[in-house]
Amino acid sequence: EYMQRRVRTLPPEATIRELSEVILGARQRLAPIVEKGETIGVVTRTDLINIFARESGNMPESSRMDAKQWNVARLIDERLSEDKRRILRLAGEIGESLGLPVYAVGGFARDLLAGFTSHDIDLVAEKDGLALARELARELGGRVREHEKFKTAVVIYHDETGEERHIDVATARLEYYEYPAALPTVEVSSIKMDLFRRDFSINAMAVRLDSEHYGQVEDFFGGRRDLKDGRVRVLHTLSFVEDPTRAIRAVRFEQRYKFRIGPGTEKLIKNMLPMRLLEKLSPQRLFNEFRLLCEEETAAEALIRMDEIGILKALNERLVLNPQKKNLLKRCKETLSWYKMLFFEEKYQPWICWFYVLAHNQNYGDASAIYDSLGLPPGRKKEITRAREQVRALKNKLIEWQKAYELGTGKTSELRRLLKPLPLEALLYIMTFVNDIGAEKSVSRYITTLRREKPDITGHDLARLGLKPGPLFSELLELALTAKLDGKAPNSRAQLALVKASLKKADQ
């Protein structure tokens with residue numbers, strides 16, 4: 001699909017005319033330069049265009065800008081916290097002392113240069129990243145977790161507030177894939193080759209940190225220009241063949257930054273889908289990428305975009321979005337935004353809500369197949385499908401309770417009994433799809449207040465009655481809470497009286 005077998009090569013002394021004959025005349029996008037049977041370099045079509053443009057004096061302004069040395073030391077001082085600046089300076093000083101060029105790379109470099117909020121620091125050192133990691137950990141009073149096979153390490157330390165922090169450190173390396181969707185084989189290389197193995201041009205920039213080079217930007221592949229133009233672009237035509245998860249990642253970045261996937265890159269995604277390469281991925285890799293997308297603020301838009309490109313259909317025919325499902329995605333986003341504004345300390349996992357929505361109105365077997373196609377681990381699949389079946393079972397009961405409640409016969413304690421077994425994500429899912437405004441408000445009330453309600457008496461009050469701690473405590477406290485919710489025992493005195501009456505009745 002992508003490659004040709006007959007490749008014309010040229011020697012180092014080849015002329016511009018000979019290069020033109022290969023690249024333009026034979027329509028070969030690049031010319032490998034071979035000496036004594038070994039490839040020592042390559043000249044691309046872009047190289048040739050740049051040569052002609054320079055000779056004619058018609059070099060585009062953007063190319064002249066990219067050719068200039070760009071230093072962002074001032075941006076580092078303006079945009080980063082003191083702790084991060086300290087880490088970068090320290091890494092650069094260690095690299096200089098060890099004779100290692102050191103760079104801040106990937107998402108850190110992208111967010112710094114684009115003015116986005118930056119989080120974790122990713123470092124790459126040419127020659128020996130593990131040596132940099134060990135010395136950095138020693139200076140920070142932390143420890144190192146090494147991965148010798150991939151020449152990477154994680155430095156774990158505690159900052160000035162005592163919070164644990166992680167710094168990813170890698171050796172500059174190239175990767176090659178023995179077959180599509182395989183895990184890469186790694187070899188030590190240069191920073192340029194390290195950046196070339198990355199997914200998109202906006203993630204293939206580096207900021208040098210050692211010695212007098214501090215703040216110098218390395219942008220070999222036009223990442224700065226793509227940031228400016230709001231474009232997500234891969235570095236080469238086999239990018240999605242090597243790693244099909246990049247298709248999901250492209251959509252994630254596109255929607256997060258309000259960029260647009262470049263037309264050539266989108267075409268490459270669509271070319272990859274009929275090859276069924278997504279099916280060759282391990283479930284863990286696929287799930288990890290999909291979960292990251294579903295944890296984004298723009299998950300709804302990303303899922304709709306994936307449907308538009310054809311990625312969802314390639315994963316599973318049942319994932320194709322109809323108008324009802326698209327509307328449900330938008331409602332899910334509104335529900336999650338509503339919950340986030342409550343500022344509750346309770347943690348929840350938004351990706352689970354999106355997984356519920358993607359399998360909405362599917363029977364158990366089809367939902368199970370959808371979750372398998374998304375790589376959902378067996379343990380999590382069991383939890384999610386069980387909760388999903390609970391939701392399906394109580395849906396009608398919830399509507400019936402709501403009707404009774406509006407007639408004045410439905411008890412608040414009964415609502416609590418219906419919803420108590422469900423995890424928070426399932427409750428938010430119910431709010432997303434339930435079409436009864438009253439029922440939606442009741443679930444909202446349960447989430448915000450009822451599930452946190454407690455009786456006004458405690459175990460200490462029961463102990464003072466001469467009772468010993470045990471299962472009876474839970475039964476009596478539940479009795480008191482039920483009476484409180486239903487308005488029969490609104491305060492501690494009434495609840496204690498109810499408990500005494502219950503004990504007296506039991507004795508009889």
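Leaving aside its neighbours within four places in sequence, which residues is R416 in contact with? In this predicted model, where residues are numbered from 1 along each chain as its sequence is written, local features need pLDDT of at least 70 and side-chain atom pairs count only at pLDDT 80 or more, while totals for chains, interfaces and linings use all residues. Side-chain values use heavy atoms, with hydrogens and water left out.

R416 lies in helix α20, residues 412-419, a helix being a DSSP run of H or I with at least four residues, numbered from the N terminus. Its contacts, beyond those neighbours, are Y446, L450, E478, L481 and L485, where contact means heavy atoms within 4.5 Å. R416 is buried, with a relative accessible area of 11%, since buried means under 20% and exposed over 50%, with partly exposed in between (1.4 Å probe, protein chains only).

Helix α16 shows how burial can be arranged along a helix. In α16 the residues K325, L328, L329, C332, T335, L336 and Y339 are buried. They cover an arc of only 125 degrees around the axis, which puts them on the same side of α16; the arc is that of the directions from the helix axis to the C-beta atoms. The face turned away from this buried side carries the exposed residues P323 and E334, whereas the cover over the buried residues includes α14 (299-309), α17 (350-358), α21 (424-433) and α22 (437-448).

The largest nonpolar core has 120 residues, and L88, L123, I167, F290, I311 and I430 have the most contacts inside it. Such a core is a set of buried Ala, Val, Leu, Ile, Met, Phe, Trp, Tyr and Cys residues joined through side-chain atoms within 4.5 Å. A second, separate core of 11 residues includes Y103, A170, A172 and L235.

Key:
Helices (H or I, at least four residues) and strands (E, at least two) are DSSP runs, numbered from the N terminus.
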